[in-house]
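Please keep the sequence and the model in view while reading.

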Number of protein chains: 2
Amino acid sequence: MSLEESFAQLCVEESVEKTGVKTLVFKPKTAKIAVPVPVVVVALQSTTTPSPVIANAAGVKEPRLARDDLVQQHFQCESAKEFHVGYLSKATSEFKLLVDEQVLQTADSTVLQLAEGVFITRGKLTSYLQAFGPETVDFSQEVAKKESKPAAKSAVAKSGSIEDAKLIGITVDKSLDFSGWYQQILTKGEMLDYYDVSGCYILRPPSYAIWEAIQRWFDDKIKALGVQNAYFPMFVSSRVLEKEKDHIEGFAPEVAWVTRAGSSELEEPIAIRPTSETVMYPYYAKWIQSYRDLPIKLNQWNSVVRWEFKHPQPFLRTREFLWQEGHTAHLTEADAKEEVLQILDYYAGVYEELLAVPVVKGKKTEKEKFAGGEFTTTVEGYIPQTGRGIQGGTSHFLGQNFSKMFNISVENPLGPEHPKVFAYQNSWGLSTRVIGVMVMIHSDNKGLVIPPRVSQYQCVVLPVGITAKTGDEERASIHQSAKIIETKLRAASIRVFGDYNDNYTPGWKFAQYELKGIPLRVEFGPKDQKQEQVTIVRRNDGRKYTVKIAELEARVPQILEEMQADLYNRAKELFDTHRVIVEDWKDFVPALNRGNVILAPWCGVTECEEDIKDSSAKKDDGEEFEADEKSPSMGAKSLCIPFKQPKLKPGQGCIKCSRRAINYCMFGRSY
Amino acid sequence: MSLEESFAQLCVEESVEKTGVKTLVFKPKTAKIAVPVPVVVVALQSTTTPSPVIANAAGVKEPRLARDDLVQQHFQCESAKEFHVGYLSKATSEFKLLVDEQVLQTADSTVLQLAEGVFITRGKLTSYLQAFGPETVDFSQEVAKKESKPAAKSAVAKSGSIEDAKLIGITVDKSLDFSGWYQQILTKGEMLDYYDVSGCYILRPPSYAIWEAIQRWFDDKIKALGVQNAYFPMFVSSRVLEKEKDHIEGFAPEVAWVTRAGSSELEEPIAIRPTSETVMYPYYAKWIQSYRDLPIKLNQWNSVVRWEFKHPQPFLRTREFLWQEGHTAHLTEADAKEEVLQILDYYAGVYEELLAVPVVKGKKTEKEKFAGGEFTTTVEGYIPQTGRGIQGGTSHFLGQNFSKMFNISVENPLGPEHPKVFAYQNSWGLSTRVIGVMVMIHSDNKGLVIPPRVSQYQCVVLPVGITAKTGDEERASIHQSAKIIETKLRAASIRVFGDYNDNYTPGWKFAQYELKGIPLRVEFGPKDQKQEQVTIVRRNDGRKYTVKIAELEARVPQILEEMQADLYNRAKELFDTHRVIVEDWKDFVPALNRGNVILAPWCGVTECEEDIKDSSAKKDDGEEFEADEKSPSMGAKSLCIPFKQPKLKPGQGCIKCSRRAINYCMFGRSY
């Protein structure tokens, strides 16, 4: 079914109550030789759509209403007057799509009139528009969105009252403007704030608490393996940094340099670590003098700096980020390789057991592996809304490459007549990126959804049903009982708090704690008091439970674990149904465009991998879509060669070239 | 008793076995107008003392053997030939003292002949020399000590075999060359290593584990107060950094600036945080909109950078260091002040309960307080060997200074007709410096002594008494039983490991684990096996315990706690006996020179404080002794105004000036 056909099926026949929606096409000012990329605006009939707001939102100059010929040329529609969103699926070239926030604020079931005789419910319109990479715009604001990105509007200035009013709930639809939704959910949910140095973000307590939960879990695991924590300096001299050539080549463009202290220029610039291989290994060479000094297994919890010039994104691509980096040296290759996989299992555990995020374990291709190492293993996740894969954490087998470079060697245990042995090394890292992946996968239009195992708070206790008629005594009694409930839950090791503030209504509080993603809401009112029970509501799906107070300590942990499992299962189903096997190149890009990642038989040759990426990218429009990474035009990268392989048919060829396939590789658009 | 008299008393009458020691005076080359500072070298008769080695060690140019007139002038000794260490106490001016490492390597009881008829045991010589700030020199090395300081000799190069031989035990006496001892104990004990960026050090697992123990303890305490952890970026724009003028003035000369990323110059240099007041408070202003948003209590565990140009010292003065910084904002002054003191109690708890280090709580003077705040509270420690005080951790009441600067304000809870309220703020920080203080206080010439509560490992289990005659079966049986003992201890939550390596003798292992400061050694041999017991030896004093295996789980925790208490009590006695009340200025400097800190009645005036510092410094030699901070010539700073005050006599005057004293202030030379 083509998009065009599917649009027809989405439409409803007729309706009594209808809200008018206009679809306008604008032509921005461009250089004469350039092909103009039109801007399509979908807005309520009642909304004024000032040209400067469109210009800012779309990042174009002087947009003017397009003439019929342009509408005809780009959308195969006879005239601008007849144009509506149905024509978007007929587009012959790239365009930008802006959607009025007011449209999204109507109910899911609202019937919208798009043109004479063309009706659609708002919910269906939303789904339909999703394919075209829409951006939500608030036309009521003087300052358009592009100008007021949180990073730019210095947080130093207090926001005005109009803005404050908007700060309460999420105003962007996850399915319609994923990136805008992601920003809102993080800032309004108080996970993170934008900072006045670009690419840096503030981790507020709810996100840092998730990181602490991950730290505790992973730290216990690696300590049981004999890993010890240490701290190496954040500074590294250029001489040491540049010692391993392949390695530094990957990082050099992103290294931040300190050149001045106080008012003195430093004699030599000093780098801030982008990772610590070259910081640590000179000392491994010094400390390891005998094979009895092996293995050495050190880990550090620290921050590293990679001054990326690409578009930054909270948690996913930031110039400073928190992570752990493990660096181990072993006497034998087998020991090192065993550890690499053990650590990868723990990384999968962080995602699957703590964050309820399914991942695929596998090996990176030669092109995508860590520069300077032998091979890289990885856990790869999937973001359903964008259909993109995301690297989750990597565990590298470095072989003897670094140990030869830094002379990390010992006398052969077999005796001095045997050649000396260079250590086999691993390095492995997991960063706060995991939090971004978790948020993208579970959260919704009401706010954050946080898996109970990592949530800073698991329950909020709220007195409800107190009205103006409630007597002081009853009110006090309800508050008192609610506090006892809170205490009981805390005694059962539940991370709980209560909100007994009478200045806000229960409804306002419900919305607040939904926004913040508190897993369970425990309501307690006059009726509950009589029946010695509470009403518990799950954040993820609003499911309600009535639980006797006497059973709280036993039941609440169960409900939390059920919620944890449900979050994982739902995310797993989405990943499983969007990881499709494709064996014929003609099906590759269409499958990609349907938001899948692809398992394809592949030859393993780097040139072919590059060809797959190029051939799956849409580049005919000449726009730099890859730069902002929002567009579905980016090519498919290899994500990993999964450990769990479909069986290759005898003689199976590569998905792209004429070579023989050697295994299945997972490809996808990615972060 | 004068030093001279006391030297006479230290000497022994005569001896059969005697080792010859020479005392030589050198005159360095100086500008004509300058008074030469002689260099005294104490060495075995058999040691050659090359002039370049002396030059390097003493930091002087072309030292030549002094003529009689100089020896007469400086030491009141008739001729260079008659000169010996006894004359040092007659010195009329400053001199430098170098001591041959070979002298220190003789046994404590070795009788040394200093001159005809002058004998002294090595132990007593060591104590005597301590008063003169000696420096240990290894004359056997081609490269003299000053040149081969660990920071300079790049750790990248493997140390040669001669050096390796020296690396096994501590070769410097704590009482004789404290600073050399401190370096050795940290590096050989594997707490820390020197790094190839000056002023930066590597925290190896044993020291990082101590930091983790402190983190766990303190983090639990502050979370119980409602403090939450967060993470703010390490970068800060100059505009924000410089917002609070008094504050930045204190830090500006030490701020490290990033000016380049990859090969691109940044448009604006970006600072690395020296502390986070100005990083965080703009966001407090944004987040705090109503008095219901108060208090806000955030803490972060991070590293900060202060590019100090003074002589760096491991843990005590480093260019990057780990710490926690708490930043809270309160509605009322009373709440803020209550917290400041509560946190100070926790800081005292870190020292006294975890690190077995006694501290004095008090308030900093106006001169020494945190710039930009209202007042600073502090815990102050004491290092007996140097007689110097050391600041342990500070908790600042910032008042409304920052909140007015950053507009952290709320509507008055009393109503909009009342003026808006600026928040009352605190900030408080404790750094890895604590580890340095702990090492300086407890450790000894055998190596580290680490209090059991924070030690990475608390016990090492060692099979002993296995000889060449021991049968394979008995050996195996002892090893097996030792491993069971290890398991039993671990099950009792003791941090324990065993060393079952047959390649090293028990004696070698004893020395190793003494060097590393493992609190208890659990020995298990054939005799122990028969009697179902172990022998436990305490690291701090070698005290032995025989413990039945059946009682291990109960007894070992007791012994650990006893050791913890003994360490604290011994340190407390040393601090208590070296914290003396002085009421007359003439006694001030002598008391200081005897290695005390001083409680003196004081007027509270900053000019007087500066006068006390100047007047207690020895400056007549023109040498920049203060620069290297080793010399006892530095002046006394105010350490704090202790909360626990001696009673001031009516009408008591200031120790230094003619003003009335307002309270007792603790003064001392300090780190």
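B:Lys361 stands opposite B:Val379 in strand E17 of chain B. In this predicted model local features need pLDDT of at least 70, side-chain atom pairs count only at pLDDT 80 or more, and totals for chains, interfaces and linings use all residues. Residues are numbered from 1 along each chain as its sequence is written, chains are lettered from A and ligands numbered from 1 in the order in which they are written, and side-chain values use heavy atoms, with hydrogens and water left out.

Four bridges connect strand E16 of chain B (residues 360–363) with strand E17 of chain B (residues 375–383), and the two run antiparallel. Strands (E, at least two residues) and helices (H or I, at least four) are DSSP runs numbered from the N terminus; two strands pair if DSSP finds at least two bridges between them.

Both strands belong to an open sheet of 11 strands in chain B with mixed pairing, ordered E10-E14-E15-E21-E18-E17-E16-E29-E30-E28-E27. Its edge strands, each pairing on one side only, are E10 (228–229) and E27 (579–581) of chain B. E27(B) pairs with E28(B) in the parallel sense over three bridges, and B:Val580 stands opposite B:Ile598 in E28(B).

Buried means under 20% relative accessible area, exposed over 50%, and partly exposed in between (1.4 Å probe, protein chains only).

| Element | Residues | Buried residues |
|---|---|---|
| Strand E28, chain B | 597–602 | six of six |

The buried residues of H11(A) include A:Met280, A:Tyr281, A:Tyr283, A:Tyr284 and A:Trp287.

Chain A as a whole has 21 helices and 30 strands. Its radius of gyration is 28 Å, close to the 26 Å that the globule rule gives for 671 residues, so chain A is as compact as a globular protein of that length. The radius is taken over C-alpha atoms, and the rule is 2.2 Å times the number of residues to the power 0.38. The C-alpha trace of chain A spans about 95 × 75 × 65 Å along its principal axes. Of the 671 residues in chain A, 57% are buried.
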